[in-house]
Amino acid sequence: MNVENWPIDEVHEYPNNPRRNDEAVEKVANSIKSFGWQQSIVVDEKGVIICGHTRYRAAQMLGLSEVPVTVAEGLSENQVQAYRLADNKTGELASWDWAKLNEELEQIDWLDCDMEQFGFSAGVDIDAFFEDAEEVGENGSDGDQEPKEVKCPHCGMFFTI
């Protein structure tokens, strides 16, 4: 694997990209500003993005003229399409271990590194977090059935409580 710096105008978005990344672009731009480029944009041999549309758009937002690129060589068109989808899908299948995440966030000096710029919130009270949650009952009612499934008003995920 070889990472090269390419002029940003030689990298092209895949026009049928099914991922909506508008909400993440600013957060990724903040990450690039804070930590530099730690992941390249993966493109096909024609310069069309396979993985890294959000990083590409963050680079545009930052006004960068060059971006780090890895060319995925030797893949068929079918493999390129499958890889593009697999890369995004596998990322969304992961979940947080909330206790470990909280422990990690508590260890970071937020005065030195403001984690809110990457989408985290300081001092989240878990009870208050679910206070605004919509209850979703099996039959659509809000009865006292246990357990309850709620939708988080912040992230949209469903949890059983």
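Glutamate 92 and lysine 89 form a salt bridge, with their closest N and O atoms 2.7 Å apart. A salt bridge here is a side-chain nitrogen of Lys or Arg within 4 Å of a carboxyl oxygen of Asp or Glu. This is a predicted model, in which local features need pLDDT of at least 70, side-chain atom pairs count only at pLDDT 80 or more, and totals for chains, interfaces and linings use all residues. Residues are numbered from 1 along each chain as its sequence is written, and side-chain values use heavy atoms, leaving out hydrogens and water.

**Salt bridges**

- The structure holds three salt bridges.
- Glutamate 92 and lysine 89 are three residues apart in helix H3, so about one helical turn separates them. Helices (H or I, at least four residues) and strands (E, at least two) are DSSP runs, numbered from the N terminus.
- Glutamate 92 also forms a salt bridge with arginine 19, at 2.9 Å between the closest N and O atoms. Glutamate 92 lies in H3 (residues 77–93) and arginine 19 in the loop between strand E1 (3–7) and H1, so the pair ties together parts 73 residues apart in sequence.
- Shared partners join Arg19, Lys89 and Glu92 into one network.
- Arginine 57 and aspartate 22 meet in a salt bridge (2.8 Å, N to O). Arginine 57 is in helix H2 and aspartate 22 in helix H1, so this pair links parts 35 residues apart in sequence.
- Aspartate 22 is exposed, at 56% relative accessible area, while arginine 57 is partly exposed at 25%. Buried means under 20% relative accessible area, exposed over 50%, and partly exposed in between (1.4 Å probe, protein chains only).

**Helix H1**

- H1 (residues 22–35) has 14 residues and reaches 21 Å from its first C-alpha to its last, close to the 20 Å expected. The expected span is 1.5 Å times one less than the number of residues.
- Val25, Ala29, Asn30 and Ile32 are buried in H1. Seen down the axis, the buried residues of H1 fall within an arc of 160 degrees, so they line one face of the helix. The arc is that of the directions from the helix axis to the C-beta atoms.
- Just after H1, glycine 36 takes a positive phi of about 80 degrees.

**Nonpolar core**

- The largest nonpolar core has 11 residues, including Trp6, Val43 and Tyr56. Such a core is a set of buried Ala, Val, Leu, Ile, Met, Phe, Trp, Tyr and Cys residues joined through side-chain atoms within 4.5 Å.
- Strand E4 gives the largest share of this core, three residues.
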